[in-house]
Amino acid sequence: MTAYNVADYISSSIESVIAQTNENFNLIIVDDCSTDQTQKIIRTYEKKYDWISVVCHQENLGVSAARNTGLAKASGEFVTFIDGDDWVEPNYVDHFLTTFKDKDVDMVTCGFFNQTETGKTKNKVVKRQSSIVGRDEVVKQIIKMTGSVMGYTWNKAYIRSIIQDNDLSFQTDLDLMEDQVFNVEYATLARKFYIDNVPLYHYISRKGSITQKFAMENVRDVGVARMKVYKTIRDSSRNEKD
């Protein structure tokens, strides 16, 4: 879990993780040098629960660096990512762990609710669908701007050894779409993918968040990210042909 100045939301996020029906996991919270009460709140949870650990950056380095810190501290077989101002359904973890156990796949996805701060859901919840797909199809779904997969990391779980063995990390020169780049890089190194649209993650669209801001730097990030994505796809295709 990554956190930066989310004192008003972090408790709800952590409480949703505490409420998981499957308790076979550890929670790493990386605070990216918050200036509000976020660190105080997460330290309180760390003292109360031995399966929660906290890492605090000494300077604000961005969400990519925070996720990389979490990956470096992780020791489990599987990993997923949660933003500190969102929350998850009680069967979020169980969905991932059970699917990895029952299916021979390298990535598991779930659907999500796109909600406003007042709780209004902006996306339509559709009939549940699930399938196991190959690399080409999952990449198409990751780079799409619609659907239940897309480029996010918080609605996906990964095999940590694939990340570790291939030195995958989030690119710290991007403030936007860094997760899409990571997902495409991961997908080109994996084999099979379980796609499920059951909504288990609540993404809260907040005013003032980086994804809500428009700036020329963000336009640059989108362009750079797309170049990285298509280069990864092109290089992967060439390697398969060789």
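# Chatting through a predicted model

Modeller: Before anything else, this is a predicted model, and the structure holds zero disulfides.

Biologist: Okay, so what is a disulfide again?

Modeller: A disulfide is a covalent bond joining the sulfur atoms of two cysteines.

Biologist: Is Cys-33 buried or partly exposed?

Modeller: Cys-33 is partly exposed, because its relative accessibility is 22% and the cut-off for buried is under 20%. Cys-110, on the other hand, has 0% and counts as buried.

Biologist: Where is Cys-33, and what's its phi?

Modeller: You'll find Cys-33 in the loop between β2 and α2. Its phi is positive, about 65 degrees, although Cys-33 is not a glycine. For background, most residues other than glycine have a negative phi.

Biologist: And what about the phi of Met-177?

Modeller: Met-177 also isn't a glycine, and its phi is positive at about 65 degrees. That residue lies in the loop between α6 and α7. With 16% relative accessibility, Met-177 counts as buried.

Biologist: Switching topic: α3. How many of its residues are buried?

Modeller: Eight of the eleven, so α3 is largely enclosed by the rest of the structure.

Biologist: Which ones are they?

Modeller: Ser-64, Ala-65, Ala-66, Arg-67, Asn-68, Thr-69, Gly-70 and Leu-71.

Biologist: And what do they pack against?

Modeller: Strands β1, β2, β3 and β4, plus helices α6 and α7.

Biologist: Let's zoom in on Thr-69. What does it touch?

Modeller: Leaving out residues up to four places away in sequence, Thr-69 touches Val-30, Val-55 and His-57. Thr-69 sits in α3, which covers residues 63-73, and it counts as buried because its relative accessibility is 18%.

Biologist: How far apart are Thr-69 and His-57?

Modeller: Twelve residues in sequence, and 9.0 Å in space from C-alpha to C-alpha.

Biologist: Back to helix pairs. How do α3 and α7 cross?

Modeller: Their axes come within 10 Å and cross at roughly 45 degrees, so α3 and α7 are oblique to each other.

Biologist: Which residues meet there?

Modeller: From α3 it's Val-63, Ser-64, Arg-67 and Leu-71, and from α7 it's Glu-178, Asp-179 and Phe-182. By class, that contact has three nonpolar, one polar and three charged residues.

Biologist: What about α5 and α7, what's their angle?

Modeller: The axes of α5 (residues 135-143) and α7 (residues 178-187) cross at roughly 180 degrees and come within 10 Å. That makes the two helices roughly antiparallel. On the α5 side the contact uses Arg-135, Val-138, Val-139, Ile-142 and Ile-143, while α7 brings Gln-180, Asn-183, Val-184 and Ala-187. Sorted by class, there are six nonpolar, two polar and one charged.

Biologist: Last one: which residues touch the most other members of the largest nonpolar core?

Modeller: Tyr-92, Val-138 and Tyr-186, out of 67 residues in that core. As a general point, nonpolar side chains tend to be buried together in soluble globular proteins.

Biologist: What is Tyr-186 in contact with?

Modeller: Setting aside neighbours within four places in sequence, Tyr-186 contacts Asp-106, Met-107, Tyr-158, Ile-159, Ile-162, Ile-163 and Leu-168.

How values were computed:
Residues numbered from 1 in each chain as written. Predicted model: local features only at pLDDT ≥ 70, side-chain atom pairs only at ≥ 80, totals over all residues. Heavy atoms only, no water. Helix = DSSP H or I, 4+ residues; strand = E, 2+ residues; numbered from the N terminus. Buried < 20%, exposed > 50% of the residue type's maximum accessible area, 1.4 Å probe, protein only. Contact = heavy atoms within 4.5 Å. Core = buried A, V, L, I, M, F, W, Y, C linked by side-chain atoms within 4.5 Å. Disulfide = S-S within 2.5 Å. Axes fitted to C-alpha atoms, helices over the stretch in contact; angles between N-to-C directions. Parallel < 35°, antiparallel > 145°, perpendicular 65-115°, else oblique. Nonpolar A, V, L, I, M, F, W, Y, C, P; charged D, E, K, R; others polar.
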